[in-house]
Amino acid sequence: MNITLRIWRQQNGDASGKFVEYRVKEVSPDMSFLEMLDVLNENLTVRGEEPVAFEHDCREGICGSCGFLINGVPHGPRRGTTVCQLHMRFFKDGDFLTIEPWRAKAFPIVKDLVVDRSAFDRIIQAGGYISAPTGSATEAAAILVPKEAADTAFDAAACIGCGACVAACPNGAAMLFTAAKIRHLNALPQGQPQRDKRTLNMVAAMEREAFGSCTNHGECEAVCPKQIPLEFIASLNRDVIRAAWRPHREPLAVVGAPSHPAHEDV
Ligand code: SF4
Ligand code: FES
């Protein structure tokens with residue numbers, strides 16, 4: 001099949017960019033979208049032109065490096081699929097595809113389809129970890145994890161940090177990403193000691209970046225290649241209220257009982 005691509009070319013963040021049209025011939029339906037771009041880049045290199053810059057690493061949908069807009073949709077038309085896992089059989093011969101980088105203030109353009117997503121790293125640095133003793137490996141069953149908590153944490157941990165949620169959001173909000181990263185650890189027993197601090201610090205870090213605010217559009221969930229659900233945003237909002245309220249909580253007073261500090265609920 002033959003495909004026409006209209007690709008955003010921009011030398012760096014300071015230069016102005018423009019769309020450039022390319023024809024890619026004899027594309028195999030078994031190629032991934034990135035392999036089709038590899039073919040284009042090989043042709044460009046042979047012609048002495050500069051190849052199109054795009055990010056990739058695992059090409060298996062697990063690292064979160066790849067991602068751009070195809071006809072305005074982050075990661076293209078297939079639900080729950082990264083561009084590295086998107087195959088050309090889902091397109092038609094003669095298709096005309098517009099490819100451009102994530103458009104979000106918090107993700108400045110580095111070159112062509114590559115954007116700087118280090119704002120995500122700074123959110124993780126603010127609390128996306130647990131503190132545990134180092135040394136020899138602990139017994140796997142030393143801390144029992146309820147099945148429901150393990151399943152929730154696993155679902156949240158599926159977020160690969162690709163940034164599609166931010167690119168799809170009309171406000172450029174990073175709530176789905178932040179909610180997934182916080183939920184992953186807040187769901188687990190090992191995440192409880194730092195739960196409140198983690199929640200407040202990661203939300204504060206998100207707000208320091210150039211992301212917009214969440215207004216419940218739901219575009220993020222629709223384009224997320226890992227299908228992270230909106231309910232994680234709801235649970236983040238509950239965790240924020242809980243964390244902000246807890247320091248002001250009065251000790252539990254039971255008539256006739258000795259006075260003790262209130263138990264922490266989890
Ligand atoms: S929530 Fe989904 S779209 Fe957003 S960064 Fe994580 S995997 Fe990507
Ligand atoms: S290259 Fe790793 S998720 Fe696409």
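**Figure 1. Helices around ligand 1 in the predicted model.** In this predicted model, the helices α4 (164-168) and α5 (175-186) each contribute at least two residues to the shell around ligand 1. That shell holds 13 residues, and those that come nearest to the ligand are C159, C162, G163, C165 and C224. By residue class, eleven members of the shell are nonpolar, two are polar and none is charged. As for its site, ligand 1 sits in the second largest cavity.

**Figure 2. The ring pair F33 and F68.** A pair of aromatic rings is described by two quantities, the distance of the centres and the angle of the planes. Seven aromatic pairs turn up when the whole structure is searched. In the one formed by F33 and F68, the ring centres are 5.8 Å apart and the planes meet at 50°, so this pair is tilted. Distant parts of the chain are linked here: F33 belongs to helix α1 (residues 33-46), while F68 lies in the loop between α1 and β3 (69-70), 35 residues away. Both F33 and F68 are buried.

**Figure 3. A cluster of phenylalanine rings.** Here is a view of F107, F120, F177 and F211, which ring pairs join into a cluster.

**Figure 4. Arginines over aromatic rings.** In one, R6 has its charged end over the ring of F19, at 4.0 Å from the ring centre. In the other, R78 lies over the face of F90, and the distance to the ring centre is 3.9 Å.

Figure 5. Which phi value does N71 have? The angle is near 50°, positive although the residue is not a glycine. N71 is part of the loop between β3 and β4 (73-74). With a relative accessible area of 45%, N71 falls between the limits of 20% and 50% and is therefore partly exposed. H75 also has a positive phi, near 65°, and is likewise a residue other than glycine. The loop between β4 and β5 (96-100) is where H75 is found. Is H75 buried or exposed? Its relative accessibility is 0%, so H75 counts as buried.

**Figure 6. K92 in the loop between β4 and β5.** K92 lies in the loop that runs between β4 and β5. Its relative accessible area is 57%, which means that K92 is exposed, the cut-off being 50%. Along the chain, K92 and I3 are 89 residues apart, yet 8.1 Å separates their C-alpha atoms.

**Figure 7. The protein chain as a whole.** The C-alpha trace spans about 85 × 40 × 35 Å along its principal axes. The chain has 266 residues, of which 44% count as buried.

Methods:
Residues are numbered from 1 along each chain as its sequence is written. Chains are lettered from A and ligands numbered from 1 in the order in which they are written. This is a predicted model: local features need pLDDT of at least 70, side-chain atom pairs count only at pLDDT 80 or more; totals for chains, interfaces and linings use all residues. Side-chain values use heavy atoms; hydrogens and water are left out. A residue is near a molecule or strand if one of its heavy atoms lies within 4 Å of it. On a 1 Å grid over the protein atoms alone, a cavity is a set of points where a 1.4 Å probe fits but cannot get out, and a pocket is an open set with protein on both sides within 12 Å along at least five of seven lines; lining residues have an atom within 4 Å of a point. A molecule sits in a cavity or pocket if more than half of its atoms lie within 2 Å of its grid points. Helices (H or I, at least four residues) and strands (E, at least two) are DSSP runs, numbered from the N terminus. Ala, Val, Leu, Ile, Met, Phe, Trp, Tyr, Cys and Pro count as nonpolar, Asp, Glu, Lys and Arg as charged, and the others, Gly among them, as polar. Rings of Phe, Tyr and Trp (its six-membered ring) pair if their centres lie within 6.5 Å; planes under 30 degrees apart count as stacked, over 60 as edge-to-face and the rest as tilted. Buried means under 20% relative accessible area, exposed over 50%, partly exposed in between (1.4 Å probe, protein chains only). A charge sits over a ring if NZ of Lys or CZ of Arg is within 6 Å of the ring centre and within 35 degrees of the ring normal.
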